[in-house]
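Have a look at it first.

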Amino acid sequence: MTLNEIATIREKLLGDLDAITSMSDLEAFKLAHLTRKGTIAALFDDLRTVSREEKPQFGKELNLLRHSVESRFGEQEAAIGQSAGIAKTIDLTMPARTVPVASSGHAHPIMQTLNEMVAIFEHMGFAVEYGPEIEDDEHNFGKLNFPPEHPARDMQDTFFVKPDAGWSGTGTSPLLLRTHTSPVQIRLMERQKPPIRAIMPGRVYRNEAASARAGVAFFMMEGLVVDKGVSMADLKGVLLSFARQFFGNDAKIQLRPSFFPFTEPSAEVDVSCYICGGKGCRVCKYSGWLEILGSGMVHPNVLSACGIDPEKYSGYAFGIGIDRTAMMRYGVSDIRNFYENDYRFLEQF
Ligand code: DAH
């Protein structure tokens, strides 16, 4: 045994230790080198063969060898033990947890319905316009040909921003939450002269008791076409085309006489039941028809109020409830489901 040999063995053992990555190899190393029958103990035994004068020198080198190997062994044991511990708590082979679609984000069923309608009308050449949700009485009612004492202005239907501010009939125009998207028609006609061909989607508000069929806030989409020679036949054609694209190619529509202050004549439009095809079922209450929207020819008073000459121009308009249509389409029986944000409900769309 020479001092050189001891140094070489030390380097070799430290190198071997550094290369070890598993607990079992570390255990094998310990058995081979650090036990009573191991390499290092054998070197100490060899001290007997060293001369008396040289002993202190050799003893010192051997101790250095043992200490450095033991302390490096300790470091490796801690490092490998730690990663083994992590591997015990995290099973890297476990299948990943899938992220449910609803929580990773998709459009709300009402927005899906709205987006689809908007796309259909855009393809038919309609522009998309928007207006404010806080309106004044003048746009929400007055210029839409609602007389000052009309019952639709009643406090029960309208949320006024300042409840005691009075009607436009008194000379002021109190602020309110719009009760329909029809005021956007007025704003559009005030700033754009015919030809006009636009849809106007948005949120509207009604001061009503919330029920399965009606909420205090919901979505509507207005349609307006004003040009020379526009007739009821144009309205019918566009709505039939819409119904076929939205409800299916076999869809039919029917117009029933109705009343709105801002249209004359006015019509309620039904679409043939998409469930039974018109034969009669629970969804259409055995009538074969589903009511989908209100419509009519723009009243001459409305055109005049916006500075459009009713002798030169005519127009049609329609207003469709988005929530109701979405309910019909998806077979949802309570409108409140759409606004509760219950994950179990939303993930179905
Ligand atoms: N504004 C009506 C409502 O809130 C819907 C409506 C009916 C809009 C007929 C129109 C229309 O443009 O022509 O129920």
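At 13% relative accessibility, Cys 281 counts as buried (buried means under 20% relative accessible area, exposed over 50%, partly exposed in between, with a 1.4 Å probe and protein chains only). Keep in mind that this is a predicted model, where local features need pLDDT of at least 70, side-chain atom pairs count only at pLDDT 80 or more, and totals for chains, interfaces and linings use all residues. Residues are numbered from 1 along each chain as its sequence is written, and side-chain values use heavy atoms, leaving out hydrogens and water.

So what about disulfides, meaning pairs of cysteine sulfur atoms within 2.5 Å? The whole structure has zero of them.

| Cysteine | Closest cysteine sulfur | Distance |
|---|---|---|
| Cys 276 | Cys 273 | 3.7 Å |
| Cys 281 | Cys 273 | 3.7 Å |

Cys 276 is buried too, with a relative accessible area of 13%.

Now the sheet. Seven strands form an open sheet with mixed pairing, in the order β1-β4-β5-β9-β8-β7-β6. β1 (127–128) and β6 (253–260) stand at the edges with a single partner strand each, so one side of each has no neighbour in the sheet. Strands are DSSP runs of E, at least two residues, and helices are runs of H or I, at least four, numbered from the N terminus; two strands pair if DSSP finds at least two bridges between them. β6 pairs with β7 (residues 263–272) in the antiparallel sense, over seven bridges. In β7, Thr 263 is the bridge partner of Phe 260.

Conventions
A disulfide is a pair of cysteine sulfur atoms within 2.5 Å.
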